[in-house]
Amino acid sequence: MKKVLAILLLSVLLLSACGAKSVFGVSSNEDNSISVTAEKGPKGSGGIGYLTVEEGDTVAAACKFNEGGKIQLRFFAGLLGSEDFPDEPAVELEVSGQDTARITIDPGEYTVAILAGSTVSGTAEVYIEKP
């Protein structure tokens, strides 16, 4: 057991010394947008954000990721923790690289699960475009 802990500790120290950090952060902003910041964020990393969509709004997801970097967005109608929170997303969207993807969804409050579809470095912004 001590040998396994020593090897684990040594591995962590070596990774730290090499600067091999990985971060995948998601935050909701006061302006009704969601920011994603990633630095070698591993595939499967994720976070939750919230959006309010009004009639006629378009939801846009703009990425500035390294080559091959992509995220998947899953829009759940309702707020996480509510009694009637759905098991399945209402809409899914994938965006990668330096692209911007847009979708129109029904008005309402949405919990947005954002997952790294590959190892990603860079930023993304999910925001509302008004008509």
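The backbone nitrogen of Leu80 lies 3.0 Å from a polar atom of the Thr111 side chain, a polar contact in the sense of a pair of N or O atoms within 3.5 Å, where within protein one must be able to donate a hydrogen and the other to accept it, and residues adjacent in sequence count only if both atoms are side-chain atoms. The model is predicted, so local features need pLDDT of at least 70 and side-chain atom pairs count only at pLDDT 80 or more, while totals for chains, interfaces and linings use all residues. Residues are numbered from 1 along each chain as its sequence is written, and side-chain values use heavy atoms, with hydrogens and water left out.

**Overall make-up**

- The protein has one helix and nine strands, in the order α-β-β-β-β-β-β-β-β-β from the N terminus; helices (H or I, at least four residues) and strands (E, at least two) are DSSP runs, numbered from the N terminus.
- Of the 131 residues in the protein, 35% are buried, where buried means under 20% relative accessible area, exposed over 50% and partly exposed in between (1.4 Å probe, protein chains only).
- Among contacts (heavy atoms within 4.5 Å) between residues at least 6 apart in sequence, 71% join residues at least 24 apart.

**Surroundings of Thr111**

- Thr111 is found in strand S8 and, at 1% relative accessibility, counts as buried.
- Leaving out residues up to four places away in sequence, Thr111 touches Ile48, Gly49, Tyr50, Arg74, Phe75, Phe76, Gly78, Leu79, Leu80 and Phe85.

**Strand S5 and its partners**

- Strands pair if DSSP finds at least two bridges between them; S5 and S8 do so in the antiparallel sense over seven bridges, with Gln72 standing opposite Leu115 in S8.
- S5 also runs antiparallel to strand S6 (residues 91-96), to which six bridges join it, and the bridge partner of Arg74 in S6 is Glu92.

**Aromatic pairs**

- Rings of Phe, Tyr and Trp (its six-membered ring) pair if their centres lie within 6.5 Å, with planes under 30 degrees apart counted as stacked, over 60 as edge-to-face and the rest as tilted; by this rule there are two aromatic pairs.
- The ring centres of Phe75 and Tyr110 are 6.4 Å apart and their planes stand at 80°, so this pair is edge-to-face.
- Because Phe75 lies in strand S5 (residues 70-77) and Tyr110 in strand S8 (residues 108-116), the pair ties together parts that are 35 residues apart in sequence.
- Phe75 counts as buried at 1% relative accessibility, as does Tyr110 at 4%.
- Phe76 and Phe85 form a stacked pair, 5.4 Å centre to centre with 25° between the planes; Phe76 is buried, with a relative accessible area of 12%, whereas Phe85, at 22%, counts as partly exposed.

**Nonpolar core**

- A nonpolar core is a set of buried Ala, Val, Leu, Ile, Met, Phe, Trp, Tyr and Cys residues joined through side-chain atoms within 4.5 Å; in the largest one, of 27 residues, Phe24, Val59, Ile71, Leu73, Phe75 and Ile114 touch the most other members.
- Beyond its neighbours within four places in sequence, Ile71 is in contact with residues including Phe24, Phe65, Leu93, Val95, Ile114 and Ala124.

**Positive phi values**

- Asn32, in the loop between strand S1 (23-29) and strand S2 (33-41), has a phi near 65°, a positive value in a residue other than glycine, and is partly exposed at 23% relative accessible area.
- Lys40 lies in strand S2, has a phi near 55° and is partly exposed, with a relative accessible area of 42%.
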